[in-house]
Amino acid sequence: MKKLYRSRSDRKLSGVLGGLSDYLGIDASILRILFVILLIPTGFFPLGIIYLAWIFLVPEESDVR
């Protein structure tokens, strides 16, 4: 069973998008580019808040595996 976690090896800031890319099975670079493309027009509010929430809600990789 797949688990959602914050990546320790594939991280730029906190590992949220690296772990999400592993969970979804897509490249982390593509997910990061999509995140930035969607972040700018929305005024940073919805995606920025979601990203900050995931930092605290999603466990780190070593805690899951």
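Helices here are DSSP runs of H or I spanning at least four residues, and they are numbered from the N terminus. The structure described below is a predicted model, and serine 7 has its place in the segment before helix α1. Helix α1 itself covers residues 16-24, and its buried residues pack against α2 (28-39) and α3 (45-57).

**The segment before α1**
- Serine 7, which is located in the segment before α1, has a relative accessibility of 4%, and because buried means under 20% relative accessible area, serine 7 counts as buried.
- The side chain of serine 7 reaches the backbone nitrogen of aspartate 10, the distance being 2.8 Å.
- When residues up to four places away in sequence are not counted, serine 7 touches Ser14, Gly15, Gly18, Gly19 and Glu61.

**Helix α1 and what follows**
- Within α1, the buried residues are Val16, Leu17, Gly18, Gly19, Leu20 and Ser21, and among these Gly18 and Gly19 are touched by serine 7.
- The helices against which the buried residues of α1 pack are α2, residues 28-39, and α3, residues 45-57.
- After α1 comes glycine 25, a residue whose phi is positive, near 80°.

**The largest nonpolar core**
- Seven residues in all make up the largest nonpolar core, namely Val16, Leu17, Leu20, Leu31, Phe35, Leu39 and Tyr51.
- To this core, α1 and α2 each supply at least two residues.
- Leucine 31, one of the core residues, touches Leu17, Leu20, Ser21 and Ile26, again not counting residues up to four places away in sequence.

**Aromatic rings**
- The structure holds one aromatic pair, formed by phenylalanine 35 and tyrosine 51, and this pair is tilted, with 5.5 Å from centre to centre and 45° between the planes.
- The pair links distant parts of the chain, since phenylalanine 35 lies in helix α2 and tyrosine 51 in helix α3, 16 residues apart.
- Both partners fall under the 20% limit for burial: phenylalanine 35 is buried with a relative accessible area of 19%, and tyrosine 51 counts as buried at 13% relative accessibility.
- Phenylalanine 35 and tyrosine 51 also belong to the largest nonpolar core.
- Another ring, that of tyrosine 23, has lysine 2 lying over its face, at 5.4 Å from the ring centre.

Key. Residues are numbered from 1 along each chain as its sequence is written. This is a predicted model: local features need pLDDT of at least 70, side-chain atom pairs count only at pLDDT 80 or more; totals for chains, interfaces and linings use all residues. Side-chain values use heavy atoms; hydrogens and water are left out. Buried means under 20% relative accessible area, exposed over 50%, partly exposed in between (1.4 Å probe, protein chains only). Contact means heavy atoms within 4.5 Å. Rings of Phe, Tyr and Trp (its six-membered ring) pair if their centres lie within 6.5 Å; planes under 30 degrees apart count as stacked, over 60 as edge-to-face and the rest as tilted. A charge sits over a ring if NZ of Lys or CZ of Arg is within 6 Å of the ring centre and within 35 degrees of the ring normal. A polar contact is a pair of N or O atoms within 3.5 Å; within protein, one must be able to donate a hydrogen and the other to accept it, and residues adjacent in sequence count only if both atoms are side-chain atoms. A nonpolar core is a set of buried Ala, Val, Leu, Ile, Met, Phe, Trp, Tyr and Cys residues joined through side-chain atoms within 4.5 Å.
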